[in-house]
Amino acid sequence: MNKKILVTRSSMPPMEEYIDEIRDIWDSRWMTNMGIKHQELQKELKEYLGVENIDLLVNGHMSLELSMQALNLKGEVITTPFTFASTTHAIVRNGLKPVFCDINKNDFTIDVNQIEDLITDQTCAIVPVHVYGNICDVEAIQKIADKYGLKVIYDAAHAFGVKYKGHGIATYGDVSCFSFHATKVFNTIEGGAVCFSDKNKDFGLNIYRLKNFGIRGPEVVDAVGANAKMNEFCAAMGLCNLRHVDAEIAKRKAVAEAYGACLEGIEGIQLNPVQKYVTPNYSYFPVIFHEKEFGATRNEVQKKLEEYGIYTRKYFYPLTNTFDAFHGKYDAGKTPVALHISKRVLTLPLYADLRPEEAAQIADLVIRCKK
C-alpha cells in the first residue's frame, strides 16, 4: 500500500455546504442553548430514526450517564463487558453496580439465555449493547424486562440507522442512546442523543433538566442538573451529514462486501454475520482470528498490517471487567465467550472514503498471514 490507512475516517460534507449551513450563526450569534440548528436537527433525526421522542446531548457518554439518572435507577444493572469503556463507566458513575453477562459467539451481543440467572432483588435495569451494528435480541430482552419489571437502556452507539423488521432500532426498550462522535456512521463532530417513547414523558422532562442545569425558565431552576447541551456548530454538521448518510452507508456496504468476497470461507477466520430481518449500517468490519486454524494470532496480523501502513483496532479489548480501574472487583472468567472473542478480534479499516479495491488489497494482506 502506498498510503497510510487508518481504521476509520470521519465522514464530512463538502466544505462549502458546511460553511453555508453555519453562515447564519454569524448573524444570530446564537451558538448554544437549543438554538435553531439544534431544533432542526432534532426534528430531522426524529423523522429519520422513526422515533417518538429524541433529545440531543453533547456526546454519547452523557446520553448514557444522564439517561440512567433520569430513570432514577438504584441497585444492579445487567450489562456486557464486551463494549467501550463508556457503557460500564456510565453505570459505575451513577453509583450502580454492573453485573456482567456474557455475549453470544455469533453476533457478539449480550447472551439473552444468561440474563435471567443474573437477576436479583437488587436488579433495576438491563443495559445491552448493539455491537458493530449487530442488534441485540430486542424481543427476548423486552420479554425478560416485562417479566421482572426492569428498565431497558440500549447502548446504540454502533447502530445509527439500523432497522429491525422495518422499525428503527431506537424504538425498542425504554431508552436508546446514540453517539455522534466523529468516528461513527453519522457524526456531529461530537454529540449524542437519547430516544424514548411517549410512555416515558417524565423521562423527557428529566433528561432536559439534567442536560441544562435544571433550568426551566429565566427565573425557574427546579432541579439540579449538569451541562450536556449540543452546540449549534455540531448541530450544523449533523444537518449536513444527515443529507449524505444514506450514500455514506451505501459506500460502507461496498467496502464490507469487498472484504467479505475475499475473506469468506478462509479457514480460521470468523466474519461478522448478516442478521435476519436487520437493515445494517456497516459501521465496523470485525474479524475473529482463531489461531489454531488460521496459523497466526490477531496480534501477529495487526503487526503485519502496520508494516504496510494499515492500522487496525482490537475492538473491544480489553474487556471492561478487566480494566485496571476495577482491579479485583470482577471475574472475567465468568464471561468466557467475551474474553475469548476479545483476545481474537480485529476491526479492519472501514469508512465511506475507503475504496473497495483497497479493502480487497487489505484482505489479501490478511490472507498472506495465514500459515
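Guide: We shall take a helix contact and then the strands. This is a predicted model, in which local features need pLDDT of at least 70, side-chain atom pairs count only at pLDDT 80 or more, and totals for chains, interfaces and linings use all residues. Residues are numbered from 1 along each chain as its sequence is written, and side-chain values use heavy atoms, without hydrogens and water.

Visitor: At what angle do the axes of α3 and α4 cross?

Guide: Two packed helices are described by the angle between their axes and the distance between the axes. Here α3 (residues 60-70) and α4 (residues 85-93) cross at roughly 35°, their axes coming within 9 Å. Axes are lines fitted to C-alpha atoms over the stretch in contact, with angles from 0 to 180 degrees between N-to-C directions; helices are DSSP runs of H or I, at least four residues, and strands runs of E, at least two.

Visitor: Which residues of α3 and α4 meet?

Guide: H61, L64, E65 and M68 of α3 meet S86, T87, H89, A90, I91 and R93 of α4 (contact means heavy atoms within 4.5 Å). These residues comprise 4 nonpolar, 4 polar and 2 charged.

Visitor: What is the order of the open sheet of 3 strands?

Guide: The order is β7-β6-β13, with antiparallel pairing (two strands pair if DSSP finds at least two bridges between them). β7 (167-168) and β13 (278-279) are at the edges with a single partner strand each, so one side of each lacks a neighbour in the sheet. Between β6 (residues 163-164) and β13 there are 2 bridges, and K163 is opposite T279.

Terms used. Nonpolar A, V, L, I, M, F, W, Y, C, P; charged D, E, K, R; others polar.
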